Amino acid sequence: MTFTLGQFFPRKPVNEPELTLDDPKWKELEGGYKHTLYDASIALKQLEQAATLQSADIIYKELRDELHHQGDVGIASYYAVPHLVRIAKEKQMVDYNVLGLVSLIEILRHKNNPELPTKLKSAYHEAIMGLAELAQIAMKKEWNPSLASATLSALALVKNQHKLAEAIFNLDDEDVIDEFLKDHSLN
């Protein structure tokens with residue numbers, strides 16, 4: 001039989017309006033892997049320092065890998081969202097990474113995942129509304145299917161259209177689009 005320390009020493013749930021990136025409570029938050037803590041503040045601080053989309057890409061890969069896993073997101077995922085949106089706005093560095101990751105977290109939040117902490121709700125929802133500004137920045141860029149689906153999915157989330165956002169989010173590959181069009185032709 002396997003035991004985790006959490007079974008013997010349960011953690012007090014974190015329920016803050018927001019967490020600064022220097023707050024030690026980040027170390028207490030579960031990421032996308034169930035029952036596994038992930039301190040997203042470290043990667044978010046690195047993201048603040050990234051000078052290019054290319055250098056940010058490596059950091060986003062870690063955040064994607066740690067903040068969601070096989071349909072699961074955790075409380076760290078939710079606390080990261082306002083920072084992800086803030087950093088992208090401040091740096092004007094918008095690509096499929098930020099739009100896709102925030103959209104994915106918001107889509108999965110409505111699945112079988114933890115509730116959004118009550119005190120975080122305002123900052124979190126403000127960040128979701130901030131996706132509209134990030135989408136405007138993305139509109140000025142050359143689009144590939146990944147950026148198109150992430151941007152359109154983000155806009156659907158701004159309008160509280162979660163099912164539509166999920167459908168669009170999954171149309172990020174030419175083969176998937178072709179298959180969808182074959183099955184749903186207007187003819």
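Helices (H or I, at least four residues) and strands (E, at least two) are DSSP runs, numbered from the N terminus. Under this definition, histidine 83 has its place in helix 4. The structure is a predicted model, in which local features need pLDDT of at least 70 and side-chain atom pairs count only at pLDDT 80 or more, while totals for chains, interfaces and linings use all residues. Residues are numbered from 1 along each chain as its sequence is written, and side-chain values use heavy atoms, with hydrogens and water left out.

## Overall fold

The chain comprises nine helices and two strands, and along the sequence these elements follow the pattern α-α-α-β-β-α-α-α-α-α-α. A compact globule of 187 residues would have a radius of gyration near 16 Å, and the 17 Å of the chain agrees with this; the radius is taken over C-alpha atoms, and the globule rule is 2.2 Å times the number of residues to the power 0.38. Taken along the principal axes, the box filled by the C-alpha atoms is roughly 60 × 40 × 30 Å. Where contact means heavy atoms within 4.5 Å, 69% of the contacts between residues at least 6 apart in sequence join residues at least 24 apart.

Rings of Phe, Tyr and Trp (its six-membered ring) pair if their centres lie within 6.5 Å, and planes under 30 degrees apart count as stacked, over 60 as edge-to-face and the rest as tilted. A search of the whole structure finds two such pairs, which are set out below.

| Aromatic pair | Centre to centre | Between the planes | Class |
|---|---|---|---|
| Tryptophan 26 and tyrosine 79 | 6.5 Å | 75° | edge-to-face |
| Tyrosine 78 and tyrosine 124 | 6.0 Å | 80° | edge-to-face |

Tyrosine 78 in helix 4 and tyrosine 124 in helix 6 (residues 121–139) are 46 residues apart, and their pair links distant parts of the chain. Tryptophan 26 lies in the loop between helix 1 (5–8) and helix 2 (40–49) and tyrosine 79 in helix 4, so their pair ties together parts that are 53 residues apart in sequence. Tryptophan 26 is buried at 0% relative accessibility, and tyrosine 79 is buried at 1%. Tyrosine 78 is likewise buried, at 0%, as is tyrosine 124, with a relative accessible area of 0%.

Histidine 83 counts as buried because its relative accessibility is 7%. Leaving aside neighbours within four places in sequence, histidine 83 is in contact with Leu19, Thr20, Leu21, Trp26 and Leu44.

## The cavity

On a 1 Å grid over the protein atoms alone, a cavity is a set of points where a 1.4 Å probe fits but cannot get out, and lining residues have an atom within 4 Å of a point. The structure holds one cavity of 30 Å³ or more, and the largest cavity has a volume of about 40 Å³, a volume being the space filled by probe spheres set on the points. Its lining consists of Leu47, Leu53, Ala56, Tyr60, Ile87, Ala88, Lys91 and Met93. Helix 3 (53–67) and helix 4 (75–91) each supply at least two residues of this lining.

## Histidine 184

Histidine 184 is found in the segment after helix 9 (174–183) and is partly exposed, with a relative accessible area of 47%. The C-alpha atoms of histidine 184 and serine 122 are separated by 38 Å, the two residues being 62 apart along the chain.

Terms used: 1 Å grid on protein atoms, 1.4 Å probe; cavity = no way out; pocket = protein on both sides within 12 Å on 5 of 7 lines; lining within 4 Å. Buried < 20%, exposed > 50% of the residue type's maximum accessible area, 1.4 Å probe, protein only.
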